[in-house]
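Me: Can we go through this one together? I'd like the main features, quickly.

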Amino acid sequence: MRAAEIRVAGEPPVVTDRPEPEPGPAEVAVSVTAAPITPLDVLCASGTSYFGRPATPYVPGVQGVGVLTRPAPTHPAGTPVWFATAAGMLPGDGSMAEHAAVASTDVVVLPPGADHALVAALGLSAVAAWRCLTATGELTAGETVLVLGAGGVVGQSAVQLARVAGAGHVVACARSAAAVERARRLGADSAVQLEAGDDVGSLARRLGEHPVDLVIDPVWGLPAAAALHALRPGGRLVNLGSSAGEQSPLSSAVLRSRSLRVRGYTNNELSADERREALLTVVGHALAGALTVDYARVALQDAARAWTRPGRVVLVP
């Protein structure tokens, strides 16, 4: 089979021929139809993540979509599935290949009609957005939500899912004019564009035009510090990433004077059942036309060139 292979940590994958994996007793065989390149894949393959340097060579891909190659105990061959792997975090191979052997507990059967490439593009990013809004963020109907990093997959998903979850007003914040315009098309009621000369005060003034109850923050850094100023007393900020910086100049006075809550989120803490429920929820919204995301379909053969391409890329074997 053809597969993308990380041979040296920090370098793009090499597409090569590999033996088709044979599933073990607690695994199922999947014919892969779509495999996204996510920031986690790139981070793990870099050898600089908190998971440590990966054992090489290995096939990257922490999630994917496909069909069961062989009958499973409760489902026939050809059943569409989404699946997760620990590729790059633990020894073993992932989704960026024509075939994968996957732990049965990490497989979610998809409903009929699900678009495989779109599900792959959404995947755990949309799961994170949904859980940050509804579970960690405790969104209630009518509240105002601010989505930082609205140009990314998590941000695009959060803008749409906030509306689905009952938000009364959705504010999007993004770096580019194109991302701001897309956020409006996806349902944001208002939008703020980051400017090159922004400091905490200037961005906080623009964000504060619409006082918010909940901030979804995949960026941290300066935008998170500014977003605190936009929160109403008792408001919440949920952080799930640091694309704008690992450090943020948070104000103790703002935190304390408004009794704000700052919470961290990771998909790694979800149980298999929680992950399955969240994934099927977001897939259901996608099927209903309430959730989509921008992505590029790229042939598996071109994985190396697509490895650091901006935006979400979905490899198609």
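Reply: Eight nonpolar residues, three polar and one charged make up the lining of the second largest pocket. Keep in mind that this is a predicted model.

Me: Which residues line the second largest pocket?

Reply: Val28, Leu68, Ala72, Pro73, Thr74, His75, Val81, Ser104, Val107, Val108, Val109 and Arg276.

Me: Which element gives the largest share of that lining?

Reply: Strand E7, residues 107-109, with three residues.

Me: And how much space lies in the second largest pocket?

Reply: About 170 Å³.

Me: New topic. What order do the six strands of the open sheet take?

Reply: The order is E10-E9-E8-E11-E12-E13, and the pairing is parallel. Strand E10 (190-193) and strand E13 (261-264) are the edges, each pairing on one side only.

Me: How many bridges join E9 to E10?

Reply: Four, with E9 covering residues 169-174 and the two strands running parallel. In one of the bridges, Ala172 has Ala191 of E10 as its partner.

Me: Which strands does helix H5 touch?

Reply: Helix H5 (residues 200-207) packs on the sheet and touches strand E8 (144-147), E9 and E10. The direction of H5 makes about 165° with that of E10.

Me: What about helix H6, which strands does it lie across?

Reply: Helix H6 (residues 221-230) lies across E8, strand E11 (212-217), strand E12 (231-239) and E13. H6 runs at about 155° to E12.

Me: Switching to backbone geometry. Where is the cis peptide bond that involves Pro57?

Reply: It joins Thr56 and Pro57, with omega at about 0°. Pro57 lies in the loop between helix H1 (39-46) and strand E4 (63-68).

Me: What about Glu138, is its phi positive or negative?

Reply: Positive, near 55°, and Glu138 is not a glycine. Glu138 lies in the loop between helix H2 (116-136) and E8.

Me: Why flag those two spots?

Reply: Because most residues other than glycine have a negative phi, and most peptide bonds are trans.

Me: Last one. What does UniProt annotate for residues 10-315?

Reply: The unreviewed UniProt entry gives "domain: Enoyl reductase (ER)" for residues 10-315. In the model, that span is 31% helix and 24% strand. Its end C-alpha atoms lie 20 Å apart.

Note on methods
Residues are numbered from 1 along each chain as its sequence is written. This is a predicted model: local features need pLDDT of at least 70, side-chain atom pairs count only at pLDDT 80 or more; totals for chains, interfaces and linings use all residues. Side-chain values use heavy atoms; hydrogens and water are left out. Two strands pair if DSSP finds at least two bridges between them. Contact means heavy atoms within 4.5 Å. Axes are lines fitted to C-alpha atoms, for helices over the stretch in contact, and angles run from 0 to 180 degrees between N-to-C directions. UniProt positions are given in the numbering used here, feature names are shortened, and annotations may be inferred rather than shown by experiment. On a 1 Å grid over the protein atoms alone, a cavity is a set of points where a 1.4 Å probe fits but cannot get out, and a pocket is an open set with protein on both sides within 12 Å along at least five of seven lines; lining residues have an atom within 4 Å of a point. Grid points are joined across faces, edges and corners, and a volume is the space filled by probe spheres set on the points. Ala, Val, Leu, Ile, Met, Phe, Trp, Tyr, Cys and Pro count as nonpolar, Asp, Glu, Lys and Arg as charged, and the others, Gly among them, as polar.
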